[in-house]
Structures are given as structure tokens and as C-alpha cells.
Amino acid sequence: MTRDAMGRVVRQDVTDGVTTRGVMRRFDGRGLPVQEMGAAGVAAWDALPPGASDADREAVWNQYSTRSGYDQAGRLVWSQLPTGELTRHFYDIDGQERWL
């Protein structure tokens, strides 16, 4: 497990004894996760050459990550899969998530 300076888990590798799968995360200034890559993204990241450019690294994040957005209260208001599929989240006046 790898943590950033704020103690947040930015990479976690899990193994079942045969296969290792990784997850990587990016956080915004409030500490909320705004991008997450699963096993395919982590494998692509690990396949980058040692001298990969920032643009190459960003391209992996853009291709493989699920992105998330939050409102001022820190509630998840949308998430977008790497395929482009968008899910919106709505809340009632009490801050409880509601489905339309």
C-alpha cells in the first residue's frame, strides 16, 4: 500500500496468491477521491517505461480512470466511467442520497 503525504492510500495492490490486482487513486484539495484506476489501468501504468513523460502518464489516467465530482458539502454528485458512462447522484434537503 502506498500513501501520499496526507496519509491517503494512492495505490493498493491485492493478491490472491496467484494474481495481483492494483488500484490507484488521485485526490482533490479537499482530500476527496477524484480519479480511480482499477487493475487494467494499473497494469498500463506499470507498463510505462521508466522515462515516461507526464503526458504519457496522464494519458493512462485519462483512458483508464473513473472520475468523480463533488458538491460544496463534499457529496458525490457525479461519476464517469472510462467508457464515458455518466452517473449523477442527487440528495434531498436532509442530505440523503435519493434516486430519481
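The model is predicted. Leaving aside neighbours within four places in sequence, Ser-68 is in contact with Pro-33, Val-34, Leu-76, Trp-78 and Ser-79.

**Strand E5 and its partners**

- With a relative accessibility of 18%, Ser-68 falls under the 20% limit and therefore counts as buried.
- Strand E5 (residues 65-70) pairs with strand E4 (residues 33-37) in the antiparallel sense, over 3 bridges.
- Within that pairing, Met-37 has Ser-65 of E5 as its bridge partner.
- E5 also pairs in the antiparallel sense with strand E6 (residues 76-80), here over 4 bridges.
- The residue of E6 that stands opposite Ser-68 is Ser-79, which is also among the contacts of Ser-68.
- The hairpin of E5 and E6 has 5 residues between the strands, and Gly-74 in this hairpin takes a positive phi near 85°.

**The nonpolar core**

- Nine residues make up the largest nonpolar core, namely Met-24, Met-37, Val-42, Ala-44, Trp-45, Leu-48, Ala-52, Val-60 and Trp-61.
- At least two residues of this core come from each of helix H1 (39-47) and helix H2 (54-64).
- H1 provides the largest share of the core, with 3 residues.
- Val-60, a member of this core, is in contact with Met-37, Gly-41, Ala-44, Trp-45, Leu-48 and Ser-65 when its neighbours within four places in sequence are left aside.
- Met-37 and Ser-65, both contacts of Val-60, are bridge partners of one another.

**Aromatic residues and nearby charges**

- A search of the whole structure finds 1 aromatic pair.
- This pair is formed by Trp-45 and Trp-61 in an edge-to-face arrangement, with 6.2 Å centre to centre and 70° between the planes.
- Because Trp-45 lies in helix H1 and Trp-61 in helix H2, the pair ties together parts that are 16 residues apart in sequence.
- Trp-61 has a relative accessible area of 3% and is buried.
- Arg-57 lies over the face of Trp-45, at 5.2 Å from the ring centre.
- Another arginine, Arg-75, lies over the face of Tyr-91, at 5.0 Å from the ring centre.

Definitions and conventions. Residues numbered from 1 in each chain as written. Predicted model: local features only at pLDDT ≥ 70, side-chain atom pairs only at ≥ 80, totals over all residues. Heavy atoms only, no water. Core = buried A, V, L, I, M, F, W, Y, C linked by side-chain atoms within 4.5 Å. Buried < 20%, exposed > 50% of the residue type's maximum accessible area, 1.4 Å probe, protein only. Contact = heavy atoms within 4.5 Å. Phe/Tyr/Trp six-rings, centres within 6.5 Å; stacked < 30°, edge-to-face > 60°. Lys NZ or Arg CZ within 6 Å of the ring centre and 35° of its normal. Pairing = 2+ DSSP bridges.
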